[in-house]
Amino acid sequence: MKKILLILTLIFAFAAQVFALEIVEPADKSSSVYSDSTHVYGTVNPESTVHINSQKVKVWKDFFVHSIPLKMGNNKITITETKKNGAKKTKVINITRMEEPKEEVQPFIAKEPHTIWTAKTIKDYAPVREKASGKSNRVIDLPKGIVLYLSGKQGDYYKIEETGETEFWINKNLISTPTLTDCRMPITISAPEKSYDNLYDYTKFAISYPVLYTIKQNDKTLKLTLYGVYGGPEAEKRNLEYTYNSKDTILGYDGVYSNGDFVFKTAKTPVIKNPDKPLEGLRIFIDAGHGGKDTGAMGPTKIPEKKFNLAIALKLIDLLQKEEGAIVSYSRNTDVFVDLYKRVDLAKQNDALISVSIHNNSLPQGENPYIKHGTGTYYYNYNAKNVALTIKNNLVTDLKLKDDGLNYKSLVLDRATDPVSTLIEVAYLTYPEEYMLLQEDKFQMEAADSIRKSLREFILTVQAKK
Ligand SMILES: [Zn+2]
């Protein structure tokens, strides 16, 4: 029996040696794209040579990464691995490059005059946008049950009424079927009532039903607007505006509806007692991107992004807890799937002051892996810009990586205004040298330590004035 097992093992080991060529990206043998180039990467035997469309490409250890220009129409890409003994193996990919379709502009259909058109949000985190397009900026993510008054429709979007100079739009799939009535629902709102606890300051308004609100930050000022809260068509000013001024840097802030109240909350700026341990007792949320069935990007030798994210996150969690005495919560500490919005909910439920989401990058088609790589951070709200910048600068210096920028981008994990939310793309799986570094324990540790250092620096610059 033992002998048979040994022979079987040898056969499998031998078979694996013979044909290593595997194309990891593009994942499909035939696909259609709009981009003018594509990158191809995959696994080969360590001592093989690789040709793509007869051009010899560099083999890194046991994989290759290459970028190829695409012409309009069909592009046949032939990848050949030649082993040391001369044996060849070829794989063919067909990519069709297409003309990008132009977005058709739909006409605007206004509601009938003297009628009221109303609907409610039916999902949490329902985005209100600046234009009638999913690509336009988000104004705010609304919870379920918000009453909206609409003035018209354009394509899949409804325009929200009485928002002043700016336009607000919401997708039809996020609201109940709009209904026509003759009058608005009567509404009352109380004067603001203030309270606080250890972590937040609160300003509470008792309100008849939940309405649209926005909160805008301008450095140390927050402007809350509650829309349409003063009744009657003759009311001169329908919106309630409330200004919050802070002497300290503004950290997390949010608006929530709770038991008939609208609660506007702002996180307290920490008072640092021990400058050697500035993160002591602070609540930090660490999110290891992807997990379980969601692998994230796939490296040229099929190591998934989720694995690198978790490795760095675990090291960072450990450093923050043991060395810094921070109160750390996290989305996952094993290889499990966690829904994106569940991660945001977890950060909020744990009253985190800062949320850091850890990812590693890959490239979309059309970009050259040898040109675009390095370390980059992401923010969406002004209150996270500084922490994102500090982390990026330190990672570039400490890990000696190319600067991939401080990026303004709407992502689920950088969109919340409370906690202060940032997302990090430590390095690129599509850049060979970074992909090899990511597999090193030492590099993962240096990344974690650089992020820890950045959080210390950030909190020291924003601590409350005494
Ligand atoms: Zn990712």
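A nonpolar core is a set of buried Ala, Val, Leu, Ile, Met, Phe, Trp, Tyr and Cys residues joined through C-beta atoms within 7 Å. In this predicted model, the largest such core has 90 residues. A second, separate core has 9 residues. Helices α4 and α7 cross at roughly 140 degrees.

**Nonpolar cores**
- Within the largest core, Leu148, Ile160, Ile170, Ile284 and Ile312 have the most contacts.
- Leu148 is in contact with Ile160, Ile170, Ile175 and Leu212, among others, leaving aside neighbours within four places in sequence.
- Its contacts on that basis also include Thr118, Ala119, Lys120 and Thr121.
- The second core includes Leu21, Val40, Phe63 and Phe64.

**Helix pair α4 and α7**
- Helix α4 covers residues 385–399, and helix α7 covers residues 441–462.
- Their axes come within 9 Å.
- Angles over 145 degrees count as roughly antiparallel and 65 to 115 as roughly perpendicular, so the pair is oblique.
- The crossing of α4 past α7 is right-handed.
- From α4, the contact includes Val387, Ile391, Leu395 and Leu399.
- From α7, it includes Ala447, Ile451, Lys453 and Phe458.
- By class, this contact has 7 nonpolar, 5 polar and 4 charged residues.

**Ser35**
- Ser35 lies in the loop between β2 (30–33) and β3 (37–43).
- Ser35 counts as partly exposed because it has 16 C-beta neighbours inside 10 Å.
- Not counting residues up to four places away in sequence, Ser35 touches Leu70, Gln365 and Gly366.
- Ser35 and Lys172 are 137 residues apart in sequence, and their C-alpha atoms are 30 Å apart.

Notes
Residues numbered from 1 in each chain as written. Predicted model: local features only at pLDDT ≥ 70, side-chain atom pairs only at ≥ 80, totals over all residues. Buried ≥ 20, exposed ≤ 12 C-beta atoms within 10 Å, placed from the backbone. Contact = placed C-beta atoms within 7 Å. Axes fitted to C-alpha atoms, helices over the stretch in contact; angles between N-to-C directions. Helix = DSSP H or I, 4+ residues; strand = E, 2+ residues; numbered from the N terminus. Parallel < 35°, antiparallel > 145°, perpendicular 65-115°, else oblique. Left-handed = near helix turned anticlockwise from the far one by under 90°. Nonpolar A, V, L, I, M, F, W, Y, C, P; charged D, E, K, R; others polar.
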